[in-house]
Each structure stands twice: as C-alpha cells, then as structure tokens.
Amino acid sequence: MKKKDAIALIAAFLVLIIILILPNPDSLPLVGHRALAVLAFAVVLWVTEAVSYPVSAVMIVSLLAVLIGISPTLEDPGLIYGTSQGLGMAVEGFSSSAVLLVGGALVLATAMEITGLHKRIALYIMSKVGTKPDALVLGTIIVSFVLALFVPSATARAGTLVPILLGIVAAFGLAKQSKLAALLMITAVQSISIWNIGIKTAAAQNMVALGFMESAFGINVTWGEWFLYAAPWAFIMSIVLYVVMVNLIKPNMSEMPKGISIGKQLNELGKMSSKEWRLVIIAGLLLLFWSTEGILHPLDSTTVTIVAVAIMLTPVIGIFAWKEVQTKVPWGTLIVFATGISLGIVLLATEGATWLSSNSFEILGVSSLPLVGMIAVLALFNILIHLGFASATSLASAFIPIVIALVGSMEPAAFNGPGLVLIMQFVISFGFLLPVSAPQNMLAYGTGTFTLKQFIKSGVPLTVIGYLLVILFSATYWQWVELL
C-alpha cells in the first residue's frame, strides 16, 4: 500500500472513531449516529480511494453489521438489534432488483465485447458521418448515444471509443497530442456523461437512486419514463457539446481521404458472425421491451434483462457460455453497487439521513424556498460536492438518501417528491468539470491526448449550461410531464 493510501485509511478510521465518541444529539437515535459515522468513514474512503471500491464495500458492510448490531432499537431502546439483524440490514441492498438489472446489463456489455459488436456499431456510424473534424465530433456524439442504449458502463463505452478515435487520429498522420485527438477524446467522454443522464440503463449510479426510491417510496421509474424525463435534456446538451467543442478546439484540417482508418478498420472486422446477428436481435428486442414497459406489456426492466441473459447463455441460440462471462463481468462493481444501496437504506431506516438532512439543509434554508429555488440550491450543492468524488455511484449512495429524507420531512402536496430526488440523480452524473470527476474521463486522460486546461475549458461551459438547463426544465418541461 502506498504511503498516501495508508494515511487516508488511517484518516477514515479516525473520522469514524471521532464521530462515534462525540456526544449523541437528543434528536438523533444512537443507531442513526453510528450509521452516520459509517457514512463519514465511507466518504473518506471513496474520496481518497485509499482502498479499492470492492474492498471499501466489505469494510462498510462489516462496520454496519457490528455497529448496528450493538445499538438500541428504535422501537424499544431497552433492546439491541443484534449482529444478525445488523448484518441483514447491512446487506439489504443485495436483494434489490436494481442490482439484478445492473448485473444483467453488465452481462449484455460483456456480450458486446466478446462478439465485437460494439466496435462494429461505432465504426459503422463513424464511417457514415464523414471525416471532417466537425463531422467526426458529430459522429462521436452519435456513437456515445447508441452505445449508451446497450452498454451500462461509462468506462466500457469509453474503452470502445478511445482506441477507435486514436486510430482515426493516426490515419491523419498526427500525434496523440494533436488538437484533433484532444477534440475527439474530450467530446467522447463529455458525451458519455451526458447520456449517463439521458438513459436509465446507461450508468450504475442511476440504479442506486432507483433502488433507494423503490425502498422509500415504493415506486418504479420505467425505462420509457426516464427517457421521457431526461432524454430531452440530454439531446439539448449534446447540441451544446457539439457547439462548444467545434469552437473550443479547431484542428483546421481538410477532409481525410476516403477509406482510410475508419473504412479499413471496419473491413478488417469482416462480415458479421452468426453470434453478432443473434446479439443484434436480442439487444433490439431488449431495447423494445425496455422502452415499452408498462405500455405494451407488464414486464419490468429487470425481468426483461434477466430473460435476455438467460437466452444469451442458452446453448445453440445463445451468445456465450458461463465460463466466458464469469471472467469478464466486473463483479466488484455489483458488490459496491449493492453496498451503496444498503448504506442508503440503513441511513434512512435509522433516521440518520433524516437528521443530517434537516440540520444541513436547514442552514441553507432549502425547505423554505420555492420549488425551483430548492432545486437550484440542491443542484449547486450536488455539483460542488461531486468535485470530491471520483465515483458517481458512491456520490449517489451518500447524497440521494439525504435528499429522500429532506423530501420526507416536507409536505409533498405542492410537488412530487420522488421527482425532485430523480432530478438530483440526474445532476449526480455531471462529470464535466475535471478528469477526476468520472472514471471515463480518467481513462481518456490517461492517453495523453489532452491537457487538464483543455478539459476544464470544455467542462466549465458544459457544467454551467447544464445547471441552468436543469433549472429551466424544473420550471417548465418537468412540470409539464408531471415529474414535479
């Protein structure tokens, strides 16, 4: 372990201990006090990345099980929960249907990787838009959107686009440090962040919020409903991204000769295999069932996804065998994801989130603001604290339960509480400002194709415009479609 990681780990435990030994406020149950101590511990680990996310998940579950287990119950302070019940609460997120949805979607992404279909889709789109720099920017945005429909991991989508874009740059005979490389790489990762918001299944952090909302409100936001709410914002932001990028970085290059790089790479893939065709059919049907949930059929997104996974694993008609899948699916992501949901559920169940919400947002005067003003303040707070989080999933785990508690403490008659929570989840995916704001940013930054200054120059206008667009949508469109 590196020295800085060891220091960060020690700091996390010190924060935990200090909070545990602080006097317990009368308005906060002891079990809620201890849950908040674990939250603080988790935030330090997540922000500093002292240990890997899966390791942090195991630590969080262990602490929750022990600290809840030795705490008095809310119903009868004379009794303690016991470690068995404490452990049950600490792993409650693992039973969330959202975890199965993410797991199934990751298997779909693995199928794309094994067959190479995601690369074929990306190259095909890029080959059709043309090879002028402006056209390549447009093609990159379109590819991001299409891949977001089928690949639930922003990092995986970046992993598909980055080598393709590097190949295009090389075809111009340019170095990785060229303006064209910077233009395309920054466009790719910013577009990925935009469509993390626009599509329900594009990012795991969306499932974290939905898991909390299902537990707290007993509601399910369908794929189509999410698309109705968020896609218009994402489409407008995609146009903003195009305008920002073509004006920010101008390679001033003539059209690349036809057939170079893109066409060549596409031809090298050869004809589509039977597995690719089967995957096209499965993925197409999956998207159809996702988008028509609650309209043409009663099947929820998770059930449809699990059925698709079963088909992909079925001999003869499927795509792969289990042995191929188990080595490629990032199981640690699922563990972190489920643990994040568990932590949020515990914070809500122990009234820790309610206490933190009432005390922190009371200082900001949030509850006394009109609805749009409330969203403006919460969204700005959300964007600022994101500067400390490299993982949107961990930010959702820490922040969304607090917002849910805020909504629960208010009279919901004037607005739709779950809608406000969902809007805050949209803002959690704002990874525009810094390379460290999102894993896909770091993946692209690692190629050395752009500088921190170039990224910030694109991130500032995107963040400001995206924030203002959230406020505008809150005052208009989201009220028209009854999200608020």
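**Overall fold and helix H1**

Tutor: Start with the contacts (heavy atoms within 4.5 Å). Of those in the protein between residues at least 6 apart in sequence, 76% join residues at least 24 apart. This is a predicted model, where local features need pLDDT of at least 70, side-chain atom pairs count only at pLDDT 80 or more, and totals for chains, interfaces and linings use all residues. Residues are numbered from 1 along each chain as its sequence is written, and side-chain values use heavy atoms, with hydrogens and water left out.

Student: How many helices and strands does the protein have?

Tutor: There are 23 helices and zero strands. Helices (H or I, at least four residues) and strands (E, at least two) are DSSP runs, numbered from the N terminus.

Student: What percentage of the 484 residues count as buried?

Tutor: 55% of them. Buried means under 20% relative accessible area, exposed over 50%, and partly exposed in between, with a 1.4 Å probe and protein chains only.

Student: Switching to H1. Which residues are buried there?

Tutor: Asp5, Ala8, Leu9, Ala12 and Leu16 are buried in H1. They cover an arc of only 100° around the axis, which puts them on the same side of H1. The arc is that of the directions from the helix axis to the C-beta atoms.

Student: What do they pack against?

Tutor: The buried residues of H1 pack against helix H2 (30–48) and helix H3 (53–69).

Student: And which exposed residues are on the face turned away?

Tutor: That face of H1 carries Lys3, Lys4, Ile10 and Ile21.
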